[in-house]
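Colleague: Please pick one part of this model and take me through it closely. Start with the whole chain, then zoom in.

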Amino acid sequence: MLTLDKIYHAAFVLKNVARKTDLIRATKLSGECELYLKTENLQETGSFKLRGAYYKISQLSEEEKKHGIIACSAGNHAQGVAMAATHSGIRSMICMPDDAPISKVEATKQLGAEVCLVKGVYDDAYEKALQLQKETGATFIHPFDDDEVIAGQGTIGLEILDEIENPDAVVVPVGGGGLISGVAYAIKHLNPKVKVYGVQAAGAAGMVESRKAGKPIMLDSAATFADGIAVKHPGDLTYKIVEEYVDGLVTVSEDEIAAAILALIEKQKVIAEGAGAVGVAAVMAGKLPVKGKKVVCIVSGGNIDVNILSRVITRGLVTSGRNVNLTIALTDKPGQLQEVSEIIAGCGGNVVAVHYDRSDANMAITSCFLKLALETRDRQQIEQIKKALSEAGFVLVTERV
């Protein structure tokens, strides 16, 4: 069973393997609280998962190691298991969802594991891993519902309390619940006054819904670009620990996650994947009672695919009012574009793309739609531009995001 001694033992085993990641002050992300980031995205494998995987594998018997290792993962646990197994001279196979980011799949292979891609989400990969485990006799390394895996993740809680004096709250991403279980167990046993909050993506809120139901439940789907926490069914063990030690759980939307990723990049120079940014998203969106408090957000991983990152940046710019598309109905005559441009420039906006559309069959022969893509400071400036255009007699047809 999980004990504080086991977490301390995990810290001893991991001292030359897992980095004691920095806790950095994030002065530009929230004006409401004193915010710090626990940068687990800077682990060698790009996420905290190395801790639990390595500690679990270190505790296997020689007989268990001899049969090899099998695991399931959306990507981060995969890399932790692959690295730990290869380091220990053990063969490993990882079942991963077929929509896992290519960067995570390739990184897992490069760390020495064989990868089996499974159609569906994490839970489908889990079922396939159990099937292969029975067929091969390999030792299964669960990504979260295991005492020793949880103990490894709990070392983060020890580090936080060692790195910062008297935090008021720790905010933790939640998928299956392994990370928050270990962190909450360690923190609550050492300093019960510290609040521990969990954050899930709204499209994969298995732990939130389980807590409402009073027991672990299976979601019909887990739909979020935060693939590291796209879990339909939380762990039975992790559910019990969360129920006992976690002070609250909230959800964040895809747009809120995207805005947090963008803010971390732009204001803190920190790269986070979707799962790693949900804690910051919850704080930025005012979803937790942390005003005036000293708060630590665990940035659990940074393994975001560059193609997804590009889309996330675009979405984050739109949701924060930094990019906007406007469509204006015009009479097609000379000087219209110049007048529109002068109004936008006078408000401080920047036109980055222009498109004339004369193809709509419902418009008058002498009319057109002027479609503009703008760079702006914020939503207030967007409203200023729209108001100025309307006052000049221009008809705004739609605002597309």
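**From the chain to one helix pair**

Modeller: Of the 401 residues of the protein chain, 55% count as buried. Keep in mind that this is a predicted model. The protein chain holds 15 helices and 14 strands. Its C-alpha trace spans about 80 × 45 × 40 Å along the principal axes. The exposed surface comes to about 17,500 Å², and carbon and sulfur atoms supply 49% of that area.

Now the close look. Two packed helices are described by the angle between their axes and the distance between the axes.

Next, the surroundings. In soluble globular proteins, nonpolar side chains tend to be buried together. The largest nonpolar core here has 37 residues. Within this core, L29, L35, L37, L264 and L288 touch the most other members. Helix 11 and helix 13 each supply at least two residues of the core. So does each of these: strand 2 (34-39), strand 7 (169-173), strand 8 (195-201), strand 9 (248-252), helix 12 (274-284) and strand 10 (294-299). Helix 12 gives the most, with seven residues.

L264 deserves a stop. Residues up to four places away in sequence aside, L264 touches L29, L37, K269, V270, A272, A277 and V280. Another core, of 36 residues, lies apart from the largest one. Its members include L158, I180, M207 and Y239.

One of the partners of L264 is K269. K269 sits in the loop between helix 11 and helix 12. Is K269 buried or exposed? At 65% relative accessibility, K269 counts as exposed, because the cut-off for exposed is over 50%. Its backbone stands out too. Most residues other than glycine have a negative phi. The phi of K269 is positive, near 60°.

N166 is not a glycine, yet has a positive phi of about 50°. N166 lies in the loop between helix 7 (147-163) and strand 7. N166 counts as exposed, at 52% relative accessibility.

For contrast, turn to helix 2 (residues 49-58). Nine of its ten residues are buried, so helix 2 is largely enclosed by the rest of the structure. Among the buried residues of helix 2 are L50, R51, Y54 and I57. The buried residues of helix 2 pack against helix 1 (4-14), helix 3 (62-66), strand 3 (69-72), helix 4 (76-87), strand 6 (139-141) and helix 7. R51 has a relative accessible area of 1%. Neighbours within four places aside, the contacts of R51 include E40, Q43, Q153, T155 and E159.

Definitions and conventions:
Residues numbered from 1 in each chain as written. Predicted model: local features only at pLDDT ≥ 70, side-chain atom pairs only at ≥ 80, totals over all residues. Heavy atoms only, no water. Helix = DSSP H or I, 4+ residues; strand = E, 2+ residues; numbered from the N terminus. Buried < 20%, exposed > 50% of the residue type's maximum accessible area, 1.4 Å probe, protein only. Areas by Shrake-Rupley, 256 points an atom, 1.4 Å probe, with all protein chains shown as cover. Core = buried A, V, L, I, M, F, W, Y, C linked by side-chain atoms within 4.5 Å. Contact = heavy atoms within 4.5 Å.
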